[in-house]
Amino acid sequence: MRLDHLSYAAGPDGLESTAERLGSALGCEFADGGVHPRFGTRNMILPLTDKTYIEVVEALDHPASDKAPFGQAVK
């Protein structure tokens, strides 16, 4: 088994604030990871080594976030 990323659900202060807070604690900056329409989410990522990364994710106000298991989990 290989771990390629860790997902962290954004807090009530939102995606950018959560990523900024975590990045500050880690001494790094998160980059925009994009929107995932299929899941109804969007994320910011912090690339690490060996194709691994930390992902901060938030659910969008989108029907997919109510239907997709990942979107539901993020909510």
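Predicted model: local features only at pLDDT ≥ 70, side-chain atom pairs only at ≥ 80, totals over all residues.
Asp50 belongs to the loop between E3 and E4. Lys51 is also located in the loop between E3 and E4. With a relative accessible area of 77%, Lys51 is exposed.

Most residues other than glycine have a negative phi. Asp50, however, has a positive phi near 50 degrees, and the phi of Lys51, which is not a glycine either, is positive at about 60 degrees.

## Helix H1 and its two sides

Helix H1 comprises residues 15–26. At 1.5 Å a residue, its 12 residues should span 16 Å, and this agrees with the 16 Å that separates its end C-alpha atoms.

Which residues of H1 are buried? They are Leu15, Thr18, Ala19, Leu22 and Gly23. Seen down the axis of H1, these buried residues fall within an arc of 130 degrees, so they line one face of the helix.

The buried residues of H1 pack against strand E1 (5–9), E3 and E4. On the other side of the helix, Glu16, Glu20, Ser24 and Ala25 are exposed. Just after H1 comes Gly27, whose phi is positive at about 75 degrees.

## The largest nonpolar core

In soluble globular proteins, nonpolar side chains tend to be buried together. In this model, the largest nonpolar core consists of nine residues: Ala10, Leu15, Ala19, Leu22, Phe30, Met44, Leu46, Ile54 and Val56. Helix H1, strand E3 and strand E4 (53–59) each supply at least two residues of this core. The greatest contribution comes from H1, with three residues.

Met44 is one of the core residues. Apart from its neighbours within four places in sequence, Met44 is in contact with Leu15, Glu16, Ala19, Phe30, Ala31, Asp32, Gly33, Ile54, Glu55 and Val56.

## Strands E2 and E3

Strand E2 (residues 31–36) and strand E3 (residues 41–47) run antiparallel and are joined by five bridges. Val35 has Arg42 in E3 as its bridge partner. The hairpin of E2 and E3 has four residues between the strands, and Gly40 in this hairpin adopts a positive phi near 70 degrees.

Ala73 lies in helix H3 (residues 69–74). The C-alpha atoms of Ala73 and Arg42 are separated by 13 Å, while 31 residues separate the two along the chain. Ala73 counts as exposed, because its relative accessibility is 62%.

## Asn43, a buried polar side chain

Asn43 lies in strand E3. Why does Asn43 count as buried? Its relative accessibility is 4%, and buried means under 20%.

The side chain of Asn43 makes a polar contact of 2.7 Å with the side chain of Glu55. Not counting residues up to four places away in sequence, Asn43 touches Leu15, Asp32, Gly33, Gly34, His36, Glu55, Val56 and Val57.

Definitions and conventions: Residues numbered from 1 in each chain as written. Heavy atoms only, no water. Pairing = 2+ DSSP bridges. Core = buried A, V, L, I, M, F, W, Y, C linked by side-chain atoms within 4.5 Å. Buried < 20%, exposed > 50% of the residue type's maximum accessible area, 1.4 Å probe, protein only. Contact = heavy atoms within 4.5 Å. Polar contact = N/O pair within 3.5 Å; in protein donor to acceptor, adjacent residues only side chain to side chain. Expected span 1.5 Å × (residues − 1). Arc of directions from axis to C-beta.
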